[in-house]
Amino acid sequence: MNTKQLGNSDLFITPIGFGAWAIGGSGWEFGWGGQDDHDSVAAIREALDHGVNWIDTAAVYGLGHSEEVVARALQGLSRRPYVFTKCSMVWDEQRKIGHSLKGESIRRECEASLRRLKVDVLDLYQIHWPIPDEDIEEGWTTLARLKEEGKVRHIGVSNFDVGQMRRALAIAPITSLQPPYSLVRREAEKELLPFASRENIGVIAYSPMASGLLTGAMTRERIEHLPADDWRRGNINFQEPLLSRNLRLVSLLRTIGVRHGRTPAEVAVAWVLHNPAITAAIVGARRPGQIKAVVGAADFQLSASEVAEIGAFFAKAAA
Ligand SMILES: NC(=O)c1ccc[n+]([C@@H]2O[C@H](COP(=O)([O-])OP(=O)(O)OC[C@H]3O[C@@H](n4cnc5c(N)ncnc54)[C@H](OP(=O)(O)O)[C@@H]3O)[C@@H](O)[C@H]2O)c1
């Protein structure tokens, strides 16, 4: 798989990274229903076998569990992939999630992530959410110090707006931004992506298949029967009035894919990657077979007329 430099860093990353949110499993506020850890490890190994060279996780995914499963998958590898994780979402003894950008909290989080991931340095450490806004400077200063101290190699942000990135840049360079970006979430195009390009900030797009909705495996029936603790039940893209449009979009992705022997998931991810401001896409998977069916997006290019065909679909849907 080819690689691209991530912003100002010395990391050359594959167009697809493994997203480790869903493998955090259930038992917390943003869980994806039950998850088998053996399946999770196998899914990560499958991604690495296909050449994926980075994993994106976060302390909060499964309240530490995702990082532990990533560590298990990395055990015994002669060469490990880059490991990216995030801080700022913390939890208490009742497993209630809160936010903190306080220096001492981030330092505590960093030590805990290093311990769970069983690595001696984090390749990319990201602020997960810019909350609370007034503590952004304290949080970013702490990440810059952790980099100086060698605990983390590079630092990035997620879910920041342009104003918040400007405030961070006044303190230290930003290696990467992690925003939502997919066919059904294009807000980043307006200000975030042009700003990131201008400032040489790498962009790793999250939820490129709209958390499974654009893969072709999500049907109306399946959505109705999603487990009670799968957060997607409450997401607007999985509900009417948007659901009907989204399922029609999947039909179009399938039609385009069939022309090239590609899956709808590959078409959805290839569409994300065709934007030059995007360095790479973070693709989530929960069991073996899933990465295999989407990894081809890394070397699949949509033609200009196919991109226009997708654009025309949205123009018609909005009319
Ligand atoms: N920074 C942030 O705030 C933030 C927010 C969201 C995500 N992220 C990052 O981005 C990553 C990816 O986002 P995401 O997990 O929301 O969504 P995604 O990559 O758009 O979709 C992943 C889901 O699609 C389904 N899937 C994957 N491959 C498939 C295939 N070949 N065929 C059928 N279904 C398939 C799986 O769920 P099912 O099998 O259950 O359908 C999988 O969990 C996350 O893991 C996380 O690392 C970050």
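This is a predicted model: local features need pLDDT of at least 70, side-chain atom pairs count only at pLDDT 80 or more; totals for chains, interfaces and linings use all residues.
**Talking through the fold**

Biologist: Good to know. Where is Leu63 placed?
Modeller: Leu63 sits in the loop that runs between β4 (54-56) and α2 (65-74).

Biologist: And what is its phi?
Modeller: Leu63 has a positive phi, about 50 degrees, although it is not a glycine. In general, most residues other than glycine have a negative phi.

Biologist: Which other residue has a positive phi although it is not a glycine?
Modeller: Ser207 is one, with a phi of about 50 degrees. You'll find Ser207 in the loop between β11 and α7.

Biologist: How does Ser207 count for accessibility?
Modeller: As partly exposed, because its relative accessibility is 22%.

Biologist: Staying with the backbone, which peptide bond into a proline is cis?
Modeller: The one from Ile131 to Pro132 is cis, with omega near -5 degrees. Pro132 belongs to the loop between β8 (124-127) and α4. There is also a cis bond joining Glu240 and Pro241, where omega is about 10 degrees. Pro241 is in the loop between α7 (220-224) and α8.

Biologist: Let's zoom out. How many helices and strands are there?
Modeller: The protein chain has ten helices and twelve strands.

Biologist: What about the overall dimensions?
Modeller: Along the principal axes, the C-alpha atoms fill a box of roughly 50 × 40 × 40 Å.

Biologist: How much of the chain counts as buried?
Modeller: Of the 319 residues, 56% do. The accessible surface comes to about 13800 Å², and carbon and sulfur atoms account for 51% of that.

Biologist: And what share of the contacts joins residues at least 24 apart?
Modeller: That share is 76%, taken among contacts between residues at least 6 apart in sequence.

Biologist: How many positive and negative side chains are there?
Modeller: There are 37 positive and 38 negative ones, and the centres of the two sets lie 3 Å apart.

Biologist: Tell me about α9, then. Why is it largely enclosed by the rest of the structure?
Modeller: Because ten of its ten residues are buried. Among the buried residues of α9 are Pro264, Glu266, Val269 and Trp271.

Biologist: What covers them?
Modeller: The cover for the buried residues of α9 includes strands β3 (16-19), β11 (202-205) and β12 (280-284), along with helices α8 (242-260) and α10 (304-318).

Biologist: Back to Ile310: what does it touch?
Modeller: Leaving out residues up to four places away in sequence, Ile310 touches Leu183, Leu252, Leu253, Ile256, Trp271 and Leu302.

Biologist: How about Glu306, is that buried or exposed?
Modeller: Glu306 counts as buried, at 4% relative accessibility. Its place is in helix α10. Beyond residues up to four places away in sequence, Glu306 touches Ile256, Arg259 and His260.

Biologist: Now a glycine. Where is Gly139 found?
Modeller: In helix α4 (residues 136-148). Gly139 counts as buried, with 0% relative accessibility.

Biologist: And what is in contact with Gly139?
Modeller: Setting aside neighbours within four places in sequence, Gly139 is in contact with Leu101, Ile106 and Ile127.

Biologist: Last one: where does Ser176 sit?
Modeller: Ser176 is in strand β10 (residues 176-178). Ser176 is buried, with a relative accessible area of 0%. Beyond neighbours within four places in sequence, its contacts are Leu6, Leu124, Ile155, Gly156, Val157, Ile201 and Gly202.

Key
Residues are numbered from 1 along each chain as its sequence is written. Side-chain values use heavy atoms; hydrogens and water are left out. Helices (H or I, at least four residues) and strands (E, at least two) are DSSP runs, numbered from the N terminus. Buried means under 20% relative accessible area, exposed over 50%, partly exposed in between (1.4 Å probe, protein chains only). Contact means heavy atoms within 4.5 Å. Accessible areas come from the Shrake-Rupley method with a 1.4 Å probe; for residues, only the protein chains shown count as cover. Lys and Arg count as positive and Asp and Glu as negative; His and the chain ends are not counted. The place of a charge is taken as NZ of Lys, CZ of Arg, CG of Asp or CD of Glu.
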